[in-house]
Amino acid sequence: MYSELLRGVRNRCSKRKEKIHSDNAATEILATPVIREMISSEKAYLDFLRLLLNNFLIPAESQHFLTRSEIQIIFGELESIYKINSMLLESLTKEEVTKAFGQFIPCTKAYYRYAEKFERAQQLHQTKLRDDKKYQKFVSTVENEVHMKFDALLIMPIQRIPRYILLLNNLQSGQKAAVIQETVQKLEIVTREIDAHVVESKNATEIMEIENKLDFMKDIMVPGRKLLKSGILYEVDSRARMKRHIWLFSDILVAGKKKMNGRYECCFVYPIRHCEISCNGSNFSFLIKCRDESTMLTADSYGISQSWIVLIEVTISQAKSCRSTLRKESSKQRPWRKKYRPHLQSMFQFIDTFRKIFTARMKSQSRRERTSVAERQKSSTLSCLACLGIRRKKRDCAKRSARQQTVRVQKNVPWWVAESTPIGDEM
């Protein structure tokens with residue numbers, strides 16, 4: 001009986017000591033200025049996430065401003081991110097920083113998924129603002145109410161992990177420095193992964209835009225294909241210098257000609273691993289050979305030309321090294337160039353024929369204009385002469401009628417009047 005009573009007293013004392021120790025640890029945690037700043041910034045971050053969910057997500061879904069797929073693209077992982085960070089805040093107030101972040105780091109896959117959709121979410125938001133007036137009015141009213149821009153709220157999860165690294169670097173001191181440094185390294189790995197997912201998402205959106213703009217070419221969106229560089233170069237031939245938009249991918253080189261409607265007409269497609277490049281530094285030009293095809297390209301300056309040459313050489317070497325690891329080298333990929341009509345051997349003949357037709361039409365039009373002007377002048381002079389002739393005829397007719405009347409009057413005078421007229425009156 002006495003032993004049981006003594007055991008119960010010891011248990012109560014141990015529990016009271018653990019509680020006091022935990023309270024002291026919590027007060028020590030809150031006493032550090034860096035940790036206080038971390039907790040306050042975490043509370044503010046959760047407030048912003050809650051504002052984004054309550055003021056944007058729920059009304060947009062209830063009022064049907066966005067479809068389910070659009071909501072999944074824009075707000076897909078925000079709810080899970082909010083739950084993860086609320087757990088982090090709770091653990092920061094009760095436990096040590098390293099333990100709190102040790103529980104947080106395995107849950108950062110939600111940030112990866114959010115980063116994958118970030119570029120698509122921004123692009124979808126911009127298109128909805130441009131095309132949907134109801135959505136535009138809804139977003140503007142909510143932004144005025146909360147005094148925050150929607151884009152600024154969307155980018156906060158992308159910027160949050162680097163913020164943790166800055167705060168933890170300020171916290172390194174004493175015996176816990178090694179543990180904090182290990183946590184910082186893990187968070188840096190998470191940051192690099194998030195940046196890589198953002199770059200992949202941006203690359204995918206750019207490739208989709210190129211695929212939508214290019215004619216005579218489909219299926220550019222291939223797994224593993226990356227857009228390395230794009231810009232304006234000039235294709236040089238014996239007679240002309242033609243403007244081309246060049247896209248350098250990780251496995252192909254594509255050139256297009258811009259049309260009047262804003263789209264691009266595909267001129268050639270070269271597989272990179274079959275290409276060879278040779279430069280000519282005198283006029284900023286370089287020659288690309290791909291099996292049976294070859295193209296001379298040039299740029300406006302030496303720097304632009306050298307940047308393209310270096311990047312194409314590196315891409316060719318990487319493509320060949322990656323291909324050499326395979327057992328058998330494939331020969332299916334061949335260069336492609338747009339073929340023109342059979343009766344026109346080259347585009348320059350087409351331009352010459354078009355120029356001849358255009359000049360002939362302009363000459364015929366100028367002749368017609370000259371003849372029409374001459375006819376107008378002639379018609380105006382004839383009309384003037386005709387008017388003058390009518391007036392002269394009218395005068396002649398008036399004189400003739402007056403003479404005839406006098407003759408008729410003289411003829412109608414009786415003989416006795418004519419005989420009785422004195423000679424002086426006739427004079």
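## A nonpolar surface patch

Let's start on the outside: F354, F358 and M362 together make up a nonpolar surface patch with about 330 Å² of accessible area. Such areas are Shrake-Rupley values with a 1.4 Å probe, and for residues only the protein chains shown count as cover. Patch members have over 30% relative accessible area and no salt bridge, and nonpolar side chains are joined within 5 Å; a salt bridge needs a Lys or Arg side-chain nitrogen within 4 Å of an Asp or Glu carboxyl oxygen. F358 belongs to helix α13 (residues 347–412), where helices are DSSP runs of H or I with at least four residues, numbered from the N terminus.

This is a predicted model: local features need pLDDT of at least 70 and side-chain atom pairs 80 or more, while totals for chains, interfaces and linings use all residues. Numbering runs from 1 along each chain as its sequence is written, and side-chain values use heavy atoms, without hydrogens or water.

## The nonpolar cores

The largest nonpolar core has 60 residues, and I74, F75, F101, F150, L168 and I194 touch the most other members. A core joins buried Ala, Val, Leu, Ile, Met, Phe, Trp, Tyr and Cys residues through side-chain atoms within 4.5 Å. Helix α2 (residues 33–62) supplies the largest share of this core, 13 residues. Apart from it lies another core of 20 residues, including L248 and F268.

## A buried arginine

R160 sits in helix α10 (residues 156–169). Why does R160 count as buried? Because its relative accessibility is 7%, and buried means under 20% relative accessible area (1.4 Å probe, protein chains only). Its side chain makes a polar contact, at 3.2 Å, with the side chain of S41; such a contact pairs N or O atoms within 3.5 Å, within protein one able to donate a hydrogen and the other to accept it, and residues adjacent in sequence count only if both atoms are side-chain atoms.

Technical notes: Helix = DSSP H or I, 4+ residues; strand = E, 2+ residues; numbered from the N terminus. Buried < 20%, exposed > 50% of the residue type's maximum accessible area, 1.4 Å probe, protein only. Patch = residues over 30% accessible without salt bridge, like charges linked within 9 Å, V, L, I, M, F, W, Y side chains within 5 Å.
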